[in-house]
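Visitor: Hi! Could you walk me through this one? I'm new here.
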Amino acid sequence: MILSKFVDELPIPPILKPRWKDKVHTYYEVNMTEFKQSLHSELNETTVWGYEGNYPGPTIEVESGEKVLIKWINNLPENHILPIDYTVHGAHVDVPEVRTVVHVHGASVESESDGYPEAWFTKGFKQVGPFFKKEVYQYDNNQQSVTQWYHDHALGITRLNVYAGLAGFYLIRDKQERLLNLPCGDYEIPLMIQDRSFHKNGALYYPNQPDKPIKGLETSIVPEFFGETILVNGKVWPHLDVEPRKYRFRILNGSNTRFYRIKLDSEQLIYQIGTDSGLMEYPIGIKKITLAPAERADVIIDFSNLEGKNIIMKNDAPAPFPDGDPANAVGIVMEFRISLPLTSIDTSVIPAYMVPFPKINEQLASKIRYLTLNDNMDKYGREFMLLDNKQWDAPITENPKLGSTEVWCLINLTTDTHPIHVHLIDFQVIDRRPFDVDKYNKEGVIHYNGPAIPSEPQEQGGKDTVRANPQQVTRIIMNFGPYTGRYVWHCHILEHEDYEMMRPYIVIP
Ligand code: C2O
Ligand code: CU
């Protein structure tokens, strides 16, 4: 099915209104429901799942330090709209088919409100998972201004729940950000980039057979999923009419597996001002931005003096990344049309300096953990990936002390890049260093065969998701806190996360 490009306008998700607000708290309710939505004007309406009747969900905007309560409410039907694989962890036939639990990605939040994968709940909280603690989540938002996002995290069906539409933006704002005079209001737009495939009738397509089908079992777990079309904010290949001035875009890769390497066909610079965890110290002008699933880039694009021009946002990331077929890239993301008249003089700026970014001193680390990313085979002969060669149910091995600093060395023995996400904390990327994988597999020792490569310019800021490249040891450093309790770390390729590439960890007092 071939869909025309740039025919539909880019939707901008609405801002969620609180139910009430008093001196101490702001309270929201967010309903998850099934509904039909037009994802492209040449396509029949698609049945999707969303928050508050929207896919993507409404944007939640809070102030730094604001105490926010959110009741996430499951009002979804009993049956899933996508093919479930009952052989994967947490999705066996002994649990209800439709389960949800919401994680705010990037949040520094108490463990009970983090959206632990086994803290799921069903419609009306009739059934809940073994780690369910409370109906109303509390977020203290003691963080600087940042682009976060919320999405489903139910064990064994995260890939399906997110693919069905359960994702939205969560922005924290603060005074420092407002003082910078960045483009704002109509000139600040979030862009959630995702790939999807469709059946002829407009329904979402998700494969229900693995590469090696299992007799008698129709399963959906696939080692990766790549959609044929690119959606931004829930529209296939949209366009956005803009004025000839500066715009701020919060770009999020919300895809299951697909990476993006984004550039503008005008070859102009994109000014990146923020990473996963907030504003950077200095802006950087770059031509290409690489985003693995869950990574964000806060950017300014300057359309000044480009009246009448059309600029296409392109993608050339091979799939799988980084050594897959470049022909699988799906080269087009969206189009900007500089077609609107300038309504007022653009006084916004690309600041020369934004916020301090103190580097964590490696000497402070009380522990260095060496953690492998492995390829393995399940009992059906399907490929699956593990962290530290352990499955989800193995005893907890990562148990940092509250307030301690640790370095994690991610030893990637597989052939693909895995975006590794650690809940609760922000980390810093120290470096990546190539090593001999064969030697490691034979002797279990790291033999470096090249110098360490410093973290990329686009990683000069706080991060919560890092690309761990094949044949490299990626080092990250972080401080654990301010909460104790049970969290997770995992690969953010949702097909991997759903099938054992996820581990619980505990911050101990
Ligand atoms: Cu964006 Cu554990 O997730
Ligand atoms: Cu992975």
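**Contacts and domains**

Guide: Happy to. In the protein chain, 77% of the contacts with a separation of 6 or more are between residues 24 or more positions apart; two residues are in contact if their C-beta atoms, placed from the backbone, lie within 7 Å. This is a predicted model, where local features need pLDDT of at least 70, side-chain atom pairs count only at pLDDT 80 or more, and totals for chains, interfaces and linings use all residues. Residues are numbered from 1 along each chain as its sequence is written, while chains are lettered from A and ligands numbered from 1 in the order in which they are written.

Visitor: Which domains does the protein chain have?
Guide: Domain 1 (20-173), domain 2 (185-338) and domain 3 (362-507), with bounds from an automatic or database domain assignment.

Visitor: How many residues of domain 1 are in contact with domain 2?
Guide: 32 residues of domain 1, and they meet 31 residues of domain 2. The residues on the domain 1 side comprise 17 nonpolar (Ala, Val, Leu, Ile, Met, Phe, Trp, Tyr, Cys and Pro), twelve polar (the others, Gly among them) and three charged (Asp, Glu, Lys and Arg).

Visitor: And the centres, what separates those?
Guide: The centres of domain 1 and domain 2, taken over C-alpha atoms, are 22 Å apart.

Visitor: New topic: how many helices and strands?
Guide: Four helices and 32 strands in the protein chain. These are DSSP runs numbered from the N terminus: helices are H or I, at least four residues, and strands are E, at least two.

Visitor: What does the C-alpha trace span?
Guide: About 60 × 55 × 55 Å along the principal axes of the protein chain.
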